[in-house]
Amino acid sequence: MTYARQLFDQIPEPNIALWNSMFRGYAQSESYREVVFLFFQMKGMDIRPNCFTFPVVLKSCGKINALIEGEQVHCFLIKSGFRGNPFVGTTLIDMYSAGGTVGDAYKIFCEMFERNVVAWTSMINGYILSGDLVSARSLFDLAPERDVVLWNIMVSGYIEGGDMVEARKLFNEMPNRDVMFWNTVLKGYATNGNVEALEGLFEEMPERNIFSWNALIGGYAHNGLFFEVLGTFKRMLSESDVPPNDATLVTVLSACARLGALDLGKWVHVYAESNGLKGNVYVGNALMDMYAKCGIIENAISVFWGMYTKDLISWNTLIGGLAMHSRGADALNLFFQMKNAGQKPDGITFIGILCACTHMGLVEDGFAYFQSMVDDYSIMPQIEHYGCMVDMLARAGRLEQAMAFVRKMPVEADGVIWAGLLGACRIYKNVELAELALQRLIELEPKNPANYVMLSNIYGDAGRWEDVARLKVAMRDTGFRKLPGCSLIEVNDAVVEFYSLDERHPQIEEIYGVLRGLVKVLRSFGYVPDLTGAGGGT
C-alpha cells in the first residue's frame, strides 16, 4: 500500500473510484486508521462520496472502535442523501454494535425503509455481541426470512453463552441443515465439555468433512481425553475418505506428546512429509514439542533446522525443550541465535531461558535475564516467571533467599511455587521452612494429600517418627487419598496405562510374572533397591 499511496498522492484530481480503491486497499491490509484518516482528508477536499464509500469507512470505524468518528461519518452520509441505502444501513448497525451501543444500532434498524435478511442478521448479531440473547431470539422469531447464516449466528449465540439446550432445540428446528451447521453444534458440545452429546451428534451426521472430524478430535483433546484422540484419528484413517489436515495432525501430535506415544508420533511425522505438510510451521512446531516431551530432543532439533520458516512458537518450543532436557547451554545459545535472526522474544521465551539457568545452576545469570526481560523487552513478569526464579534459588540451596524473593513478589505465590520449595526442603533438610510451605499449601490445596506425603518424608529423613505418624492421621482426616503412580508405555501401536498395584489389566498374571523375572535378573547382578521414603504414601 505504500507504493499505491505514493502514486495516488501524485494524481492531481483523483475521482471517487480511485478514493474508494484506496479505502478498500487499506481495509484489506487491516490499516483501518488510514481509511478513517483518508476519508476525512477527502471530506475536507469537498469530494462527494458514493454508496460504495461509506460501508468501507464505517466498517473501519467499527474495527478500531472509533465511535466518535463513526458518528461524524453517519451525520455526513445523512446530509449526502444515503440514509435509505440498505447496504449503508447494515454497516451502521455493525459499527454501533461493535462499539457497544446496540440501542443506536436498533434505531438504525427501525429507520431502514428496506430490511433484507442481511440487515436482520446484523441486528440479531448485535444483540448477541451485547449478551442480550433474549432480544436476539425475539428478533430472530420475527424475521420474515432466515438463511443459513442467520440460523448459524443464532445457534452460535446460544453456544457462546453456554446454553447448549437451546442451541440444540434450534438446531433441530432448522430445515435443510448443511454439514457446516452440524459442525457448529458439534464444536459447541466440544467447547462446553459435553463429550457424550458430542459423540452422539457425530454419529448422527449424514455427512462429515474435515471440520467434523477435527471437531471430534479437538473436543477429546480439549477435555483431556487423549486416548480417544488417537483412537479417533486411527478411525478417521481407516473409515473415512477425508484426509487429515494440519489442524488434525497438530492435535494428534499434542496427544502423542501427552501420552508418550513416540511410535505414532513418528508415523505422523512421515505422513506429514509424504502429504505436502513438511514445510507447515504449525505441524513443525507440534513435531518439535512431541519429540521433546517424548525424550528425543535430537529429533526436535532436526525438525527445527529443517523448517523453511520459523515463527516465535518454533523458537520457544525448542528453547523450552532444550531446557527441559537439561541442555541449558544449548538453550541459551539458541536464544542468542533467535535475537540475531530478528525474532523478538516474549514471556514464554523467558520461561525457557530461566528454566535453562535453573538446570545449570546459573543463579546470577538467571537474575540478569529476568531483569533484561523487563528492561529490554518491556515484558511484565507473570506468576510463571516468579515461579522459575524461586525454583532456581531453591534448587541451588538458597532457601532463605528464595523465601525472601517470595515475600517481595507483587503476586501471591501459588501451589506450584510452594510445592517446589517443599521439594527443595527435603533435598536440603530444612524442616522449619518445609512446615511453613506445607501450611501455605494446605491453605491453597486443602484436598491434595501429596503435600502431606512430602513433609512426612522430610520428617522421616530427620528421624522424627512421631511427626510422621501425626501427619498420616492429618492426611487421613482430610478424606482424600493420594492418587496412585501411573506409567504409560507404547506397545503394538497402542498406549497402555499401568497404575501402582494395578490388578485391572486382562494380562495381569503375565505382567507380574515378567516383573518378578526382571527383579530376579536385577538381584543376580547385585542390585539392591533404595526404599528410602517408599512408605511415605501409605
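Is Asn 285 buried or exposed, and what is its relative accessibility? The legends below take up this residue and several other sites. The model is predicted: local features require pLDDT of at least 70 and side-chain atom pairs count only at pLDDT 80 or more, whereas totals for chains, interfaces and linings use all residues. Residues are numbered from 1 along each chain as its sequence is written, and side-chain values use heavy atoms, with hydrogens and water left out.

**View 1. Asn 285 in helix H18.** Asn 285 counts as buried, at 7% relative accessibility; buried means under 20% relative accessible area, exposed over 50%, and partly exposed in between (1.4 Å probe, protein chains only). The residue belongs to helix H18, residues 281-293. Helices (H or I, at least four residues) are DSSP runs, numbered from the N terminus. The side chain of Asn 285 makes a polar contact of 3.2 Å with that of Asp 311. A polar contact is a pair of N or O atoms within 3.5 Å; within protein, one must be able to donate a hydrogen and the other to accept it, and residues adjacent in sequence count only if both atoms are side-chain atoms. When neighbours within four places in sequence are left aside, Asn 285 is in contact (heavy atoms within 4.5 Å) with Met 307, Asp 311, Ile 313, Ser 314 and Thr 317.

**View 2. The buried side of helix H13.** In helix H13, residues 195-204, the buried residues are Val 195, Ala 197, Leu 198, Leu 201 and Phe 202. These residues lie on the same side of H13 because they cover an arc of only 160° around the axis; the arc is that of the directions from the helix axis to the C-beta atoms.

View 3. Side chains of opposite charge can pair when their charged atoms come close. A salt bridge is a side-chain nitrogen of Lys or Arg within 4 Å of a carboxyl oxygen of Asp or Glu, and the structure holds 14 of them. Salt bridges link Arg 137, Asp 141, Glu 166 and Lys 169 in a network. Asp 141 and Arg 137 meet at 3.1 Å, N to O; they are separated by about one helical turn because they are four residues apart in helix H9, residues 133-142. Arg 137 is buried at 18% relative accessibility, while Asp 141 is partly exposed at 42%. Arg 137 also forms a salt bridge with Glu 166, with the closest N and O atoms 3.8 Å apart. This pair links distant parts of the chain, since Glu 166 is in helix H11 and Arg 137 in helix H9, 29 residues apart. Glu 166 is partly exposed, at 24%.

**View 4. The salt bridge of Arg 327 and Asp 330.** The closest N and O atoms of this pair are 2.9 Å apart. Arg 327 is partly exposed, with a relative accessible area of 25%, and Asp 330 is likewise partly exposed, at 35%.

**View 5. A nonpolar surface patch that includes Val 514.** Val 514, Leu 515, Leu 518 and Val 519 form this patch, with about 330 Å² of accessible area together. Such patches are made of residues with over 30% relative accessible area and no salt bridge, nonpolar side chains (Val, Leu, Ile, Met, Phe, Trp, Tyr) being joined within 5 Å and like charges within 9 Å. Accessible areas come from the Shrake-Rupley method with a 1.4 Å probe; for residues, only the protein chains shown count as cover. Val 514 lies in helix H30, residues 508-524, and is exposed at 52% relative accessible area.

How values were computed: Helix = DSSP H or I, 4+ residues; strand = E, 2+ residues; numbered from the N terminus.
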